Amino acid sequence: MDAAAASAPPPAASGAAPREVVLVTGISGSGKSVALHALEDAGFFCVDNLPPELLREFLRVEAVHGIARVAIAVDVRTSGSLPHLLPLLGQLRDEGVAIRSLFLDADTDALVRRFSETRRPHPLAKPGPDQQRALVEAIKLERELLADLRETSTVIDTSDLRPALLGAWVRDLLGVAPHGLTLVLESFAFKHGVPRDADYVFDVRMVPNPFYIRELRALDGRHDAVADYIESQPEAVRMLQDIETFLRRWLPAFESDQRSYVTVAIGCTGGQHRSVYFAEMLARRLGGERRVLVRHRELGVTTS
């Protein structure tokens with residue numbers, strides 16, 4: 001290989017097969033290994049803990065071998081190289097490489113619990129007598145180091161996700177074409193916490209709760225009987241219309257800003273009836289205009 005070929009970027013025009021490059025990053029303990037396994041099952045060639053300095057060369061080799069879909073995990077273990085990662089990603093995108101970045105996050109309590117259960121050390125934790133305090137401080141430092149990367153990525157909050165559901169969400173997100181805006185509608189229970197990946201949060205707890213109707217308690221918001229009950233409440237009708245109007249007004253602004261995903265979280269007390277109904281109805285009303293993914297966190301269900 002001559003010097004010119006060795007220094008050339010890997011653009012789509014080079015004759016390589018069309019590529020999809022996914023960068024998986026995030027907070028230690030948030031589920032990056034689960035995400036990588038899900039992508040591997042979906043046909044991606046996966047590499048864990050690749051130093052950012054090797055990213056360009058790795059993509060060049062991948063293009064030569066004609067591998068169409070690759071997923072690369074980069075995290076705080078290569079913290080010394082992180083300041084160079086964002087400029088490199090910008091350069092590669094300018095050269096025609098389609099890169100999508102996923103950032104996995106979780107609240108500190110969930111991360112501490114996971115490290116305690118697995119007994120694995122945090123990569124930034126310093127040894128000392130108070131291991132819990134050292135772990136919390138390490139998580140805080142990691143958030144600071146990865147803050148800029150988080151801002152440019154699609155964020156998935158894994159605090160309350162089982163591994164199987166996280167894998168499904170990752171596959172659903174990456175099953176969407178990289179161009180255009182995808183609206184993610186997520187129902188949740190306030191008693192289990194607000195999703196960290198939400199761009200907007202709507203509270204529908206002021207709508208009368210079907211949970212207190214004996215015949216409806218065991219059902220969820222996807223059931224016709226629950227929908228009929230909620231639609232009989234004037235405040236529910238007004239709230240649904242107001243949320244729809246708001247989204248129709250502002251989603252085009254996100255599209256103009258080149259955003260790939262917008263996550264709208266809708267919460268009620270238990271995440272079973274009202275929030276599920278609102279997410280489903282908004283998906284029906286807005287789904288004809290753009291790609292919509294629906295997640296029901298407390299039900300463990302995701303649909304598109």
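**Close-up 1. Helix 10 and its buried residues.** Helix 10 (residues 274-286) holds the buried residues R274, S275, V276, Y277, F278, A279, E280, M281, L282, A283 and L286, where buried means under 20% relative accessible area, exposed over 50% and partly exposed in between, computed with a 1.4 Å probe on protein chains only. The model is predicted, and local features need pLDDT of at least 70 while side-chain atom pairs count only at pLDDT 80 or more, whereas totals for chains, interfaces and linings use all residues. Residues are numbered from 1 along each chain as its sequence is written, and side-chain values use heavy atoms, with hydrogens and water left out. Because eleven of its 13 residues are buried, helix 10 is largely enclosed by the rest of the structure. Its buried residues pack against strand 6 (182-189), helix 8, helix 9 (234-256), strand 8 (261-268) and strand 9 (291-296); helices (H or I, at least four residues) and strands (E, at least two) are DSSP runs, numbered from the N terminus.

**Close-up 2. The packing of helix 8 on helix 10.** Two packed helices are described by the angle between their axes and the distance between the axes. Helix 8 (residues 224-231) and helix 10 pack at an angle of about 90°, with their axes 10 Å apart; axes are lines fitted to C-alpha atoms, for helices over the stretch in contact, and angles run from 0 to 180 degrees between N-to-C directions. The two helices, helix 8 and helix 10, are therefore roughly perpendicular to each other, a term for angles of 65 to 115 degrees, with those under 35 counted as roughly parallel, those over 145 as roughly antiparallel and the rest as oblique. A227, I230 and E231 of helix 8 meet R274, Y277, F278 and M281 of helix 10, contact meaning heavy atoms within 4.5 Å. By class, this contact of helix 8 with helix 10 has five nonpolar, no polar and two charged residues, with Ala, Val, Leu, Ile, Met, Phe, Trp, Tyr, Cys and Pro counted as nonpolar, Asp, Glu, Lys and Arg as charged, and the others, Gly among them, as polar.

**Close-up 3. A225 in helix 8.** A225 lies in helix 8 and is partly exposed, with a relative accessible area of 29%. Leaving aside neighbours within four places in sequence, A225 is in contact with L216 and L219, and the C-alpha atoms of A225 and E215, ten residues apart along the chain, are separated by 8.9 Å.

**Close-up 4. The packing of helix 3 on helix 4.** Helix 3 (55-65) and helix 4 (residues 82-94) pack at an angle of about 35°, with their axes 11 Å apart. The contact is formed by L55, R56 and L59 of helix 3 together with L85, L88, L89, Q91 and L92 of helix 4, and its residues divide into six nonpolar, one polar and one charged.

**Close-up 5. A35 in helix 2.** A35 lies in helix 2 (residues 32-41) and is buried, with a relative accessible area of 0%. Not counting residues up to four places away in sequence, A35 touches V24, L104 and V170. A35 and G167 are 132 residues apart in sequence, yet 5.6 Å apart in space, C-alpha to C-alpha.

**Close-up 6. N49 and its backbone.** N49 is found in the loop between strand 2 (45-48) and helix 3. Although it is not a glycine, N49 has a positive phi of about 60°, and with a relative accessible area of 26% it is partly exposed.

**Close-up 7. C46 and C268.** C46, at 22% relative accessibility, counts as partly exposed, whereas C268, at 2%, counts as buried. Taking a disulfide as a pair of cysteine sulfur atoms within 2.5 Å, the count comes to zero disulfides.
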